[in-house]
Amino acid sequence: MAPDPQSGAASARSGAAERRAQILHESGERRRATAEQRRLDDAEAGRAHWQRWGTYLSERAWGTVREDYSADGDAWNYFPYDAARSRAYRWNEDGLAGWCDSRQILCFGLGLWNGVDHHLKERPFGLTNEQGNHGEDVKEYWFYTDNTPTHSYASMVYKYPQVAFPYDDLVATNAQRSTAEPEYELFDALADDWLANRYFDIQVEYAKVDPEDLCVRITATNRAAEAAELHLLWQAWYRNTWSWEEDSEAPFIGLAKGGVSTEHPELGRRWLYAKADNDGTPIDVHWLFCENETNNQTLFGTQNAGPYCKDGINDAVVDGRHERANDGSGSKAAAVARATVAAGGEFTMWVRFSPAELDEPFTQVPETLETRRAEADEFYAAVAPAGLDADQSLVQRQALAGLLWCKQFYNYHVTRWLQGDPTGPPPPPERWRGRNSNWKHIVNEDVLLMPDAWEYPWYASWDMGFHCVTMALIDPRFAKHQLNHMLSSLYQHPHGQLPAYEWNFSDTNPPVLAWAAWQVYILDAEMSGTADVNFLAKIFRGLISSLTNWLTTEDPAGDDLFAGGFLGMDNIGIFNRDTPLPTGGHLVQSDGTAWVAHMALQMAEMALELSRHSHGYTDMIEKMLLNFAIVSNVLETGRDGVSLWNDDAGFYCDAIVHPDGSATQLGVISLQAVIPMLACAAIPVETGSGPGYARTTDTVSTRESLGAKALQLRDRVLAHHPEFHGSVALPAQEGAGGAMLFAVVRPERLRRILTHLLNPAEMLSDHGIRSLSAAYRDDPYTFWVGGDARTLPYWPAESGDRMFGGNSNWRGPVWLPINLMVVQSLLAYDSYFGDTFAVEYPTGSGVDVSLAEVANDISTRLVSLFTRGDDGRRPVFGTNDYFQTDPHWRGLVPFYEYFDGDDGHGCGASHQTGWTAAVALLLQFSGEREIDPNTSPAPAPPAAAN
């Protein structure tokens, strides 16, 4: 399979991989000198609990599965937005620019009133899945501008209109629009007001004096040309844990000297102080109180537990119903200030939350804020590689800030949820046979990485994998904890399946946690200089159960052709892959099958590494390589007349296996069928330090080469299974790039796949790889079921149908996470082939380049979604000239869920700084130079698979 090794090319590829490792190592070295890294070290060592408090409050808890106690599982309508200000949450709190402890005992958040809205702005507003023409969608503008891993400093900006918020208009107009029309956004509803800058920029900044002492500054800047009124509230409240238990009492917050105080068994005594000024002139701050308890009278027409309910402060401020709020104490409190803010003026509230009573609470606040912000500057300057320009650094920092702001406390005990609470009516009996009823072991009460703090305020197992890899760049300890959570007995099913997400834990997500754990391990080792073998061993044990579950439950015919359903790519198939086929029979999936091969190979790499530290893993390496070979062989040759390779199309595909055993291929050119290409690993053959971490402090550098051991175990597999001789899965020799390649895809097939993938008329866009071929724009792929034509069109932006709710679209847009893995796989192939494998890039250009050059250019295209081009515009903003040019908007970068396959504008969830934060990784390796030192390459991602 391989050409003769060429030592020069091999040395160059090895040097490129070493340079990527060096970038990480240098970043780790620089960070060790920073104050933030010392705080992280203290937290890890248990010397100081710097991560006890943070930006862990979700932007939405209404409309979630946890809060749904209906018989039919209609979570959106059981607990809608309009009930949220009056109804106590059972499981999680929400708020705007929020803060809480890691158990969400005590919460803080912003409250705003412009004098014209019919209720306080306490949480972002958005449409339910049913209301939006493309599913659920938040209709507000806010941006995460900064955050550190210990939350020693954090900031965000919220854009608050000075005119009445168009709640009814947003609902009504979107309801009138079809899926073929664009969404009606807040900018559309208030275009004249935005263009006249009739809004407040609300900046919220947090800074910790120490792990338990917090300073807050809220700055409301009037961007309009005329004065405007604003009521500014800083609210503190206890999560309601008492209404659900017999004989349980609510904690309270009460007036104290200079502010308020509270005491809680777990938090101890605390004091909260607030002051305000309008352009430097002090103004009055007064305190209002109520109980974080449901207003039954308003919502249900039944008696309240007391006179002061959750919406009491809202009613007092907005409606002037002062009898609805207490002026002395309650489980919810608000510091309230009102000002008429001059054009361009600033209305500021200062807050101090302290474990000690203070006579002068605000003397340290300005200095603490400035010090912590400077330390955040220091930390992110150390993180970023040399060579990033100011705009690239801004994008990387805001991407990482958003990832940190999407750390949320998540609380869900499934058995208790099914049973109901002693103080309430029993839930409908249908629930015992409904959603998540077979996940009774789930007891989740942790700070977790969420995909989007509003649209997806819950974890998803495959999203989590991508989140953790990016998180490892700045806080590998937290990334490792996240992966350990997912594979613990409180999350992973006793039968091995990983929970998908709360809407249906039983859905099957792509099994990317093995890949994620391996990346996190390598990134951590490169940066810290120490390999966390205990972490890798613990994760490996949980992954064995997960892989076994896949092997035994997702193979419908027992022939190593796997299914899995939609597998995270919602509407990418011509059929809904989660429902029975209209043709009869069953579907075997190229991505499902390839994901199994990918997972087995990642676990083989993990076991190979663990074998350097313990002799007990040799059999596991052989077993994983055998699993990989078996599944790869099916992808390579097919089984019993069923093939997942479509030779006419030159692409992998799904296949329908009919009841009589015959099969029909679906020859779709899509990202789903690229997954086989991702199942590859290039392992250096020469003796060295292993998978990159040349500076580890253990004795790993003196041990045998991973490549040499892999060769020995490959030979053992072939000795017992000669049928795999010649298989691409088990390579015969070292490649010209200096590595040995384990892969699913043969070189000739790889070349044919890349012809489509790198073709601008098909998969290659100006901003990355599309999820579906653009060739289907005018000529959709069509499959006939009897006389019924099923079509698969190219939709570059939002979905044109409601499959899987319609809020995401895999029929054309660019998605960051799979693009990241494509770039990684190209680097792995390049490590094997070296200069002996060149491809025309782009297809039709007549220019042949190496796979590393292709990977670098795709990375550049992805980064260009967010950075300013030569014209000063960011593609993510699309055609909105106001966002592109206004000085108060153009530097606030949104990280959307996916991006238009034609022009790159952002689509879907607008705060998807979970996996879209992967752009920070791409930027991290922009300092790496191409193999030829005379060239100036584009950014490259971590070649952790190498």
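1. P161 stands opposite Y199 in β8. Strand β7 (residues 153–161) pairs with β8 in the antiparallel sense, over nine bridges. Strands here are DSSP E runs of at least two residues, helices are H or I runs of at least four, and both are numbered from the N terminus; pairing needs at least two DSSP bridges between strands.

2. On to β9. Strand β9 (residues 213–222) runs antiparallel to β8, with 10 bridges joining them. C215 in β9 is the bridge partner of A207. Two residues lie between β8 and β9, which form a hairpin. Strand β8 (residues 199–210) is mostly covered, with 10 of its 12 residues buried (under 20% relative accessible area, 1.4 Å probe, protein chains only).

3. The largest nonpolar core has 212 residues (buried Ala, Val, Leu, Ile, Met, Phe, Trp, Tyr and Cys joined through side-chain atoms within 4.5 Å). Helix α17 (residues 590–610) supplies the largest share, 13 residues. M677, L754, I818 and Y829 have the most contacts inside this core. Beyond four places in sequence, I818 touches W462, M569, W595, L671, I675 and W810 (heavy atoms within 4.5 Å).

4. A second, separate core has 80 residues, including A83 and F165.

5. Mean pLDDT (the predictor's confidence in each residue, from 0 to 100) is 92, and 94% of residues reach 70 or more. Residues 1–7 stay under 50. So do residues 687–704. Where pLDDT is low, the predicted coordinates should not be read in detail.

6. Basis. The model is predicted: local features need pLDDT of at least 70, side-chain atom pairs count only at 80 or more, and totals for chains, interfaces and linings use all residues. Residues are numbered from 1 along each chain as its sequence is written, and side-chain values use heavy atoms, leaving out hydrogens and water.

Conventions
Buried < 20%, exposed > 50% of the residue type's maximum accessible area, 1.4 Å probe, protein only.
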